[in-house]
Amino acid sequence: MAWLGLTLLAALGWWRLGAARVLLALAVLWAGWVLAALWAGGLDERATGRLALGAVLLPVGAYALLIGALRRRAARAATPRPGEIGARPGPAARLAAPAQPPAPAPDIAPPADPEGPLTDPELDRYARHIVLRELGGAGQRRLRAARVLVVGAGGLGAPVLSYLAAAGVGRITVADDDTVGLSNLQRQVIFATADIGRPKVRAAADAMARLNPHVAVTPLARRITADDAALVGAHDLVLDGTDSFAARAAVNAACVAAGVPLIAGSIAQWEGQVALYDPARGGPCMACLFPAAPAPGLALSCAEAGVVGALPGVVGSMMAIEAIKHLSGIPDSGAGSGLRGRMVLFDGLWGETRSIATRARPGCAVCGGTG
Ligand SMILES: [Zn+2]
């Protein structure tokens with residue numbers, strides 16, 4: 001009867017707890033029983049038989065479990081998932097595939113050691129990055145160790161913040177002094193209707209935390225000025241999606257003073273542009289290309305001229321891609337090319353994209369034009 005009860009308990013436990021835990025419990029029970037029998041005065045013939053049975057069955061069970069886990073891991077690594085057709089599963093893919101069905105990832109803060117190995121939940125979350133030959137585990141660790149300042153949590157900020165948080169950029173500071181308005185929601189898709197009236201940086205930080213608890217977000221409910229070189233200097237990269245010339249010029253000046261690269265995007269109506277300004281490492285700053293504010297009426301804001309809602313989605317996503325490339329060191333490795341010394345122009349009305357070369361302007365009042 002005792003064996004029957006134990007078998008039923010084991011079957012129930014196997015179903016509810018999983019094979020590994022039940023096997024461990026049986027091993028503990030068996031070892032305890034052997035010790036108790038020895039304590040009570042040695043082993044009779046029947047007890048010796050049970051001892052031998054356990055000594056055979058438990059290693060066999062452990063071996064079967066190990067083989068099963070290895071087979072599941074191999075099957076998951078070898079099977080392309082939807083959207084992965086054409087991907088080449090390499091060692092990184094096998095590393096990324098969990099042996100067991102993924103358990104809900106715990107809501108944990110970024111690891112204390114940003115240079116340490118990626119945790120199992122991180123390997124699973126970033127698996128599609130890790131299988132990219134150009135990015136891989138090393139690039140993902142660089143993203144995690146990166147510190148990025150995003151200026152402007154509006155139309156461009158929405159995709160920039162969403163994709164950088166989703167990509168696992170470890171520390172993101174977001175600066176904006178505005179609150180969410182009803183007319184923002186046509187394109188600023190990081191916000192929901194319930195966020196109307198909230199500070200944009202708070203609502204954006206909440207959305208990013210929901211998206212990826214591994215990312216540390218610092219909301220800064222103010223504008224960035226030309227005197228913010230110290231703040232900018234605490235970051236590896238700045239992304240600017242503000243929509244006024246004065247704000248953009250201030251961010252550019254702070255980046256030049258701090259020697260920090262700047263990815264700037266801008267949009268109007270159906271057109272947008274993206275550039276990487278990094279005069280400390282070659283190429284122009286923004287003021288080399290746009291030394292003075294446009295004449296009144298020539299450069300209308302989105303509120304005045306209008307903007308198609310999906311346009312910031314395109315241009316902001318291009319900014320996020322350039323940031324991911326830059327932070328993970330892809331252009332420096334010779335794979336692809338960044339936007340230092342180039343500007344990409346997108347025309348949504350005609351469905352066209354083109355790229356133009358940009359050069360430092362000798363005598364630039366901001367960077368000196370020596371880049
Ligand atoms: Zn310049």
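**Ground rules.** I took helix axes as lines fitted to C-alpha atoms over the stretch in contact, with angles from 0 to 180 degrees between N-to-C directions. This is a predicted model, so I noted the limits: local features need pLDDT of at least 70, side-chain atom pairs count only at pLDDT 80 or more, and totals for chains, interfaces and linings use all residues. Residues are numbered from 1 along each chain as its sequence is written.

**Overview.** I looked up the secondary structure and found 14 helices and eight strands. Helices here are DSSP runs of H or I with at least four residues, strands are runs of E with at least two, and both are numbered from the N terminus. Next I checked burial. A residue is buried if 20 or more other C-beta atoms lie within 10 Å of its own, exposed if 12 or fewer, and partly exposed in between, with C-beta atoms placed from the backbone. The chain has 371 residues, and 35% of them are buried. For contacts I used C-beta atoms, placed from the backbone, within 7 Å of each other. Of the contacts between residues at least 6 apart in sequence, 68% join residues at least 24 apart.

**Helix 14.** I started with the helix at residues 311–328. Its 18 residues should span 26 Å at 1.5 Å a residue, and the end C-alpha atoms are 26 Å apart, which agrees. The expected span is 1.5 Å times one less than the number of residues. Of the 18 residues, 14 are buried, so helix 14 is largely enclosed by the rest of the structure. Gly 329 follows helix 14 and has a positive phi, near 80°.

**Helix 7 on helix 14.** I looked up the angle between helix 7 (residues 136–145) and helix 14 and found about 105°, with the axes 8 Å apart. That makes the pair roughly perpendicular. The classes are: under 35 degrees roughly parallel, over 145 roughly antiparallel, 65 to 115 roughly perpendicular, and the rest oblique. Helix 7 brings Gly 139, Arg 142 and Leu 143 to the contact, and helix 14 brings Ile 324, Leu 327 and Ser 328. By class I logged three nonpolar, two polar and one charged. Ala, Val, Leu, Ile, Met, Phe, Trp, Tyr, Cys and Pro count as nonpolar, Asp, Glu, Lys and Arg as charged, and the others, Gly among them, as polar.

**Helix 8 on helix 14.** The axis of helix 8 (residues 157–167) comes within 7 Å of that of helix 14, and the two cross at roughly 40°. They are therefore oblique to each other. The contact residues of helix 8 include Ala 158, Tyr 163 and Ala 167, and those of helix 14 include Gly 313, Met 319 and Ile 324.

**Helix 8 on helix 9.** Here the axes come within 9 Å and cross at roughly 30°. That makes helix 8 roughly parallel to helix 9. Helix 8 uses Gly 157, Leu 161, Ser 162, Ala 165 and Ala 166, against Ala 204, Met 208 and Leu 211 of helix 9. The contact has six nonpolar, two polar and no charged residues.

**Helix 9 itself.** I checked the length of helix 9 (residues 200–211): twelve residues should span 16 Å at 1.5 Å a residue, and the end C-alpha atoms are 16 Å apart, which agrees. Its buried residues include Lys 200, Ala 204 and Met 208. The cover over the buried residues includes helix 8, strand 2 (171–175) and strand 3 (216–220).

**Single residues.** Gln 269 is not a glycine, yet its phi is positive, about 55°. I found Gln 269 in the loop between strand 5 (262–268) and strand 6 (271–277). Gln 269 counts as partly exposed, with 15 C-beta neighbours inside 10 Å.

Ala 264 is in strand 5. With 27 C-beta neighbours inside 10 Å, Ala 264 counts as buried. Ala 264 and Tyr 277 are 13 residues apart in sequence and 7.6 Å apart in space, C-alpha to C-alpha.

Gly 283 lies in the loop between strand 6 and helix 12 (286–289). Gly 283 is buried, with 23 other C-beta atoms within 10 Å. Beyond four places in sequence, the contacts of Gly 283 include Tyr 277, Arg 340 and Gly 371.

How values were computed:
Two residues are in contact if their C-beta atoms, placed from the backbone, lie within 7 Å.
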